[in-house]
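Please look through the sequence and the model shown here before reading on.

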Amino acid sequence: MLSLLRSISRLFTKILRVLVKVMTVVAALGIMAMLLVTCIDVILRAFNRPLIGALDIVRIASVITIAAAMPYTTALKGHVAVEYCFHKLSRRGRIIVDTIWRIMACTLFGCLTWQCLIYAASLKKNGTVTPTLQVPLYWIPYVLAFSCGLVGLVILHNMLHPGQEMIKP
């Protein structure tokens, strides 16, 4: 039974790593898309021919980039933290505070996932589109929901495997 749990845990970790790395590639592609669209737009504006929908594309790419970068940043524990008071606690106190924080963070990202799914459904129902290109917007909150869910799973992984790196930079 214990070996089954260990193999399930290893499989969960491998799948989580792959998903985080995929989202990192998506974030990189988003940055490249923003860069490419902005450069093309600037060049075309020199010829009085701005790229139609450039703002729509850059807005969508920026949201996707930020959302897709969150799981990787969380896996690296790269978020800003104020630890002055934290380090004044005893080891047991730090473990308790850290566990409470991680549970609260998992709850928060679970709620964010749920609310993004609800918002995506409302955008789809209303048929909301971008102003210029008329691209449907309902799929963007689904990406946000996936990213928030992944962040929650990364936090859960870090809570269940203290002191272990999930991903090396």
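The radius of gyration used here is taken over C-alpha atoms, and the rule for a globule is 2.2 Å times the number of residues to the power 0.38. In this predicted model, the chain has a radius of gyration of 20 Å, whereas a compact globule of 169 residues would have one near 15 Å. Along its principal axes, the C-alpha trace spans about 65 × 35 × 30 Å.

The chain holds four helices and zero strands, and from the N terminus on its elements run α-α-α-α. Among the contacts with a separation of 6 or more, 75% are accounted for by residues 24 or more positions apart.

Of the 169 residues in the chain, 27% are buried. The chain exposes about 11,400 Å², and carbon and sulfur atoms supply 71% of that area. A nonpolar surface patch of about 550 Å² is made by M1, L2, L4, L5 and I8. One of these residues, L2, lies in helix α1, which covers residues 2–46, and L2 counts as exposed because its relative accessibility is 52%, where the cut-off for exposed is over 50%.

How many disulfides does the structure hold? The structure holds zero disulfides, a disulfide being a pair of cysteine sulfur atoms within 2.5 Å.

| Cysteine | Closest cysteine sulfur | Distance |
|---|---|---|
| C106 | C111 | 11 Å |
| C116 | C148 | 5.0 Å |

The sulfur of C106 is therefore too far from that of C111 for a bond, and C116 is likewise in no disulfide. C116 counts as buried because its relative accessibility is 15%.

Methods: Residues numbered from 1 in each chain as written. Predicted model: local features only at pLDDT ≥ 70, side-chain atom pairs only at ≥ 80, totals over all residues. Heavy atoms only, no water. Patch = residues over 30% accessible without salt bridge, like charges linked within 9 Å, V, L, I, M, F, W, Y side chains within 5 Å. Areas by Shrake-Rupley, 256 points an atom, 1.4 Å probe, with all protein chains shown as cover. Salt bridge = Lys/Arg side-chain N within 4 Å of Asp/Glu carboxyl O. Helix = DSSP H or I, 4+ residues; strand = E, 2+ residues; numbered from the N terminus. Buried < 20%, exposed > 50% of the residue type's maximum accessible area, 1.4 Å probe, protein only. Contact = heavy atoms within 4.5 Å.
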